[in-house]
Amino acid sequence: MPEERGPIDWGALQTVERVFRDRLDGLVTTTEYVPNAIDPVELRLSIGTGFEAGSSRFDVQWWTNHGYKYHYSERDLEFRFGWEIRPKSRYPEKHFHPPEDPSVHRESCITHEEPELVTLAVLTCWWNALEADDPSILNATENPP
């Protein structure tokens, strides 16, 4: 399946980083391209707030042909928004792995496929749930952003 996605999209990761920094206005404490900025596989963004802790992290991957992963983690909470085209799969292409059971694939409320719009949508869903102090509503925003 990785070869179907293509290589990591460096431009998309740069867009994701810019949107996080622009929208979270100082809450992004660190960014790291893993394993390095020359040949990144993942963008890690540390955030200075969270549901259960004073910090959290988004690990983001974006591929050139199709697909993305926004994996959120903090203390005992994690969730993920993703897009994967899997032939003959019973899972939705655009899916959400909820915090109560990250192994579950639910239909995602995010329908976009452009890096800027998907990032805005992920941040909107996360921020709405964070303000409500209710991770159960992470995938409840209708057609974000």
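Helices (H or I, at least four residues) and strands (E, at least two) are DSSP runs, numbered from the N terminus. The model is predicted: local features need pLDDT of at least 70, side-chain atom pairs count only at pLDDT 80 or more, and totals for chains, interfaces and linings use all residues. Residues are numbered from 1 along each chain as its sequence is written, and side-chain values use heavy atoms, with hydrogens and water left out.

View 1. Pro 35 belongs to the loop between S1 and S2.

**View 2. Aromatic pairs and an aromatic cluster**. Rings of Phe, Tyr and Trp (its six-membered ring) pair if their centres lie within 6.5 Å; planes under 30 degrees apart count as stacked, over 60 as edge-to-face and the rest as tilted. Searching the whole structure gives 16 aromatic pairs. One of them, Tyr 68 with Tyr 70, is edge-to-face, at 5.6 Å centre to centre and 80° between the planes. Tyr 68 and Tyr 70 are both buried (under 20% relative accessible area; exposed is over 50% and partly exposed in between, with a 1.4 Å probe and protein chains only). Phe 81 and Phe 96 make a tilted pair, 4.8 Å centre to centre with 45° between the planes. Because Phe 81 lies in strand S5 (residues 77-83) and Phe 96 in strand S6 (residues 94-97), this pair ties together parts that are 15 residues apart in sequence. Phe 81 and Phe 96 are buried, and they belong to one aromatic cluster whose members include Phe 20, Tyr 72 and Trp 126.

**View 3. Lys 94 over the ring of Trp 83**. The charged end of Lys 94 sits over this ring, 5.3 Å from its centre. A charge sits over a ring if NZ of Lys or CZ of Arg is within 6 Å of the ring centre and within 35 degrees of the ring normal.

**View 4. Helix H2 and its ends**. H2 (residues 10-24) has 15 residues and should span 21 Å at 1.5 Å a residue; its end C-alpha atoms are 21 Å apart, which agrees. The expected span is 1.5 Å times one less than the number of residues. At the N-terminal end, Asp 9 caps H2 with a side-chain oxygen 3.1 Å from the backbone nitrogen of Gly 11. Buried residues of H2 include Leu 13, Val 16 and Phe 20. Their cover includes strand S1 (28-34) and helix H3 (115-132). H2 is followed by Asp 25, with a positive phi near 35°. Asp 25 is exposed, at 68% relative accessibility.

**View 5. Cys 109 and Cys 125**. Where are the sulfurs of Cys 109 and Cys 125 relative to a bond? They are 3.6 Å apart, too far for a bond, since a disulfide is a pair of cysteine sulfur atoms within 2.5 Å. The count comes to 0 disulfides. Cys 109 is buried at 11% relative accessible area, and Cys 125 is buried at 0%.

**View 6. His 66 in the loop between S3 and S4**. His 66 counts as buried, at 9% relative accessibility. Leaving aside neighbours within four places in sequence, His 66 is in contact (heavy atoms within 4.5 Å) with Glu 4, Arg 5, Trp 83, Glu 84 and Ile 85.

Definitions and conventions: Polar contact = N/O pair within 3.5 Å; in protein donor to acceptor, adjacent residues only side chain to side chain.
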